[in-house]
Amino acid sequence: GHSRPPAAIAPPLEPGPGPPERAGGGGAARWVRLNVGGTYFVTTRQTLGREPKSFLCRLCCQEDPELDSDKDETGAYLIDRDPTYFGPILNYLRHGKLIITKELAEEGVLEEAEFYNIASLVRLVKERIRDNENRTSQGPVKHVYRVLQCQEEELTQMVSTMSDGWKFEQLISIGSSYNYGNEDQAEFLCVVSRELNNSTNGIVIEPSEKAKILQERGSRM
């Protein structure tokens, strides 16, 4: 018959008494070992049963499995897929969240989600890919430039009060043709820029009160 030696059964993960008995067999029957492309994963039938239509559920959770699967010498189900991308699949079944680390490509996870036939995950990954495409399809980073006019003595204060995100680009001396009472005050145009990122939706945070006044002055030129 198919009786396997006891050694093939994964021991309960926590020390002490094994998992509580379940109807339909002892605690050990709950644990499933999967050999995905040479890497072992241990999970429970309950986790794999979260998506009843999935390949994993049909493979491991039915009394009379529809899918004929080979097992390796440890009794683990053999699955010829990339183990790197199996992690996010298994974690999704465990907690329902899609977590993809930086090293993994969404397309790789999508490929596996489709192979394992997990419809809700396929939907999630496709949304994620679409979001990323939207983010990158906006092309290179847009910058907002501001030209502020100021006098020599106001320069340091203005540069030091620029709020986060504003970068000092250029300083243009325009001589002292503008007279605000001081004969010899040199006038400058100060160019600042900041990235226009999507999170601000184009709402530009003003550099500071002082800079606002200077900006208005600059715009009258």
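Biologist: Which residues does Thr47 touch, not counting residues up to four places away in sequence?

Modeller: Heads-up: this is a predicted model, where local features need pLDDT of at least 70, side-chain atom pairs count only at pLDDT 80 or more, and totals for chains, interfaces and linings use all residues. Residues are numbered from 1 along each chain as its sequence is written, and side-chain values use heavy atoms, with hydrogens and water left out. Contact means heavy atoms within 4.5 Å. Leaving out residues up to four places away in sequence, Thr47 touches Leu90, Leu93 and Arg94.

Biologist: And does Thr47 count as buried or exposed?

Modeller: Thr47 sits in helix α1, residues 45-48. (Helices, H or I of at least four residues, and strands, E of at least two, are DSSP runs numbered from the N terminus.) Buried is under 20% relative accessible area, exposed over 50%, and partly exposed in between, using a 1.4 Å probe and protein chains only. Thr47 has 9% relative accessibility, so it counts as buried.

Biologist: In the sheet with order β2-β1-β3, which strands stand at the edges?

Modeller: That sheet is open, with three strands and mixed pairing; two strands pair if DSSP finds at least two bridges between them. Two of its strands have a single partner each, so one side of each lacks a neighbour in the sheet: β2 (39-44) and β3 (77-79).

Biologist: What angle does the direction of helix α3 make with that of β2?

Modeller: Axes are lines fitted to C-alpha atoms, for helices over the stretch in contact, and angles run from 0 to 180 degrees between N-to-C directions. Helix α3 (residues 86-95) packs on the sheet, touching β1 and β2, and its direction makes with that of β2 an angle of about 5°.

Biologist: What arc do the buried residues of helix α6 cover?

Modeller: In α6 (residues 152-160), Glu154, Leu155 and Met158 are buried. They lie on the same side of α6, because the arc they cover around the axis, taken from the directions to the C-beta atoms, is only 120°.

Biologist: What is the bridge partner of His143 in β6?

Modeller: β4 and β6 (residues 187-196) pair in the antiparallel sense over 10 bridges. In β6, His143 finds its bridge partner in Glu195.
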